[in-house]
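User: I'd like to learn how to read a structure like this one, feature by feature. Could you walk me through it, starting with the contacts of a single residue?

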Amino acid sequence: MHRLLRDTAWLLRSEERLSGVTVDIQGHDDVVLPADSEQLQQAFLNLFMNAAQAMGNSGVIRVTVQAKGDRCEVAIADHGHGVPRDLRDRIFEPFFTTKTRGTGLGLAIVKRIVERHGGSVDLASSSERGTTVVVTLPLAPSV
């Protein structure tokens, strides 16, 4: 998981307009998932890009990886303006967007990819603290 997240952070930094964004990855570095890494990378890239945009394309995205039982939690936290309470139930809907140039597909794609992998996506947001998205995925069985 750490390698996937580091590679995804590198992709984010390769976009010139996002060069002011740093991704700080902490937590368990030995987490292994039975997953399609390309699909998960797309999901995490969408989440990183949303976090970067929420912070005005400048700041630190904090990513924490934790193994909890037979699941892995990846929390992506930004210090942006947060998601208004009345929109939180809709942000994962296809074609719903608050951006003038957005398609409304990024977070819908995230949810779909994560659910296909047997996981879930949760959101906590506050105008004072920003937004944290928690992706929970099943771990690979131990041998």
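Analyst: Happy to! Leaving aside residues up to four places away in sequence, I113 touches Q39, L40, Q42 and A43. Keep in mind as we go that this is a predicted model.

User: Where does I113 sit, and is I113 buried or exposed?

Analyst: I113 is part of helix 3. Its relative accessible area is 7%, and the cut-off for buried is under 20%, so I113 counts as buried. For a sense of distance, take E93, which is 20 residues from I113 along the chain: the two C-alpha atoms are 14 Å apart.

User: Which other residues of helix 3 are buried?

Analyst: The buried set is L107, A108, V110, I113 and V114. Their cover includes helix 2 (37-54), strand 4 and strand 5.

User: How should I think about spacing along a helix?

Analyst: The general idea is that an α-helix has 3.6 residues a turn, so residues three or four places apart point the same way. Here is a case from this structure: K111 and E115 are four residues apart in helix 3 (residues 106-116), so about one helical turn separates them. Their side chains meet in a salt bridge, with 3.9 Å from N to O. Both partners are partly exposed: K111 has a relative accessible area of 33%, and E115 has 46%.

User: How many salt bridges are there in the whole structure?

Analyst: The search finds four. One of them joins the side chains of E15 and R17, at 3.3 Å from N to O. E15 is partly exposed at 30% relative accessibility, and R17 is partly exposed too, at 45%.

User: Which salt bridge does R62 form, and which parts of the chain does the pair link?

Analyst: R62 pairs with D24, and their closest N and O atoms are 3.0 Å apart. This pair links distant parts of the chain, since R62 is in strand 2 (residues 58-68) and D24 in strand 1 (residues 20-27), 38 residues apart. On the accessibility side, R62 is partly exposed at 46%, and D24 is partly exposed at 25%.

User: Let's turn to the strands. How do strand 2 and strand 3 run, and how many bridges join them?

Analyst: The idea is to look for the bridges between two strands, then for their direction. Strand 2 and strand 3 run antiparallel and are joined by seven bridges.

User: Which partners does strand 5 have?

Analyst: Strand 5 (residues 130-138) runs antiparallel to strand 3, with seven bridges between them. In that pairing, C72 stands opposite L137, and E73 has T136 as its bridge partner. Strand 4 also pairs with strand 5, again antiparallel and over seven bridges; there, S126 stands opposite G130. Strand 5 is mostly covered, with seven of its nine residues buried.

User: Where is there a nonpolar patch on the surface?

Analyst: F95, L105 and I109 form one, with about 280 Å² of accessible area together. F95 is found in the loop between strand 3 and helix 3. At 63% relative accessibility F95 counts as exposed, because the cut-off is over 50%.

User: Last one: what confidence does the predictor give the chain and its elements?

Analyst: Read the average for the chain, then go element by element. The mean pLDDT of the chain is 88, and 92% of its residues reach 70 or more. Among the elements, strand 3 (residues 71-77) has the highest mean, 96, while strand 4 (residues 120-126) has the lowest, 87.

Technical notes:
Residues are numbered from 1 along each chain as its sequence is written. This is a predicted model: local features need pLDDT of at least 70, side-chain atom pairs count only at pLDDT 80 or more; totals for chains, interfaces and linings use all residues. Side-chain values use heavy atoms; hydrogens and water are left out. Buried means under 20% relative accessible area, exposed over 50%, partly exposed in between (1.4 Å probe, protein chains only). pLDDT is the predictor's confidence in each residue, from 0 to 100. Contact means heavy atoms within 4.5 Å. Two strands pair if DSSP finds at least two bridges between them. Patches are made of residues with over 30% relative accessible area and no salt bridge: like charges are joined within 9 Å, nonpolar side chains (Val, Leu, Ile, Met, Phe, Trp, Tyr) within 5 Å. Accessible areas come from the Shrake-Rupley method with a 1.4 Å probe; for residues, only the protein chains shown count as cover.
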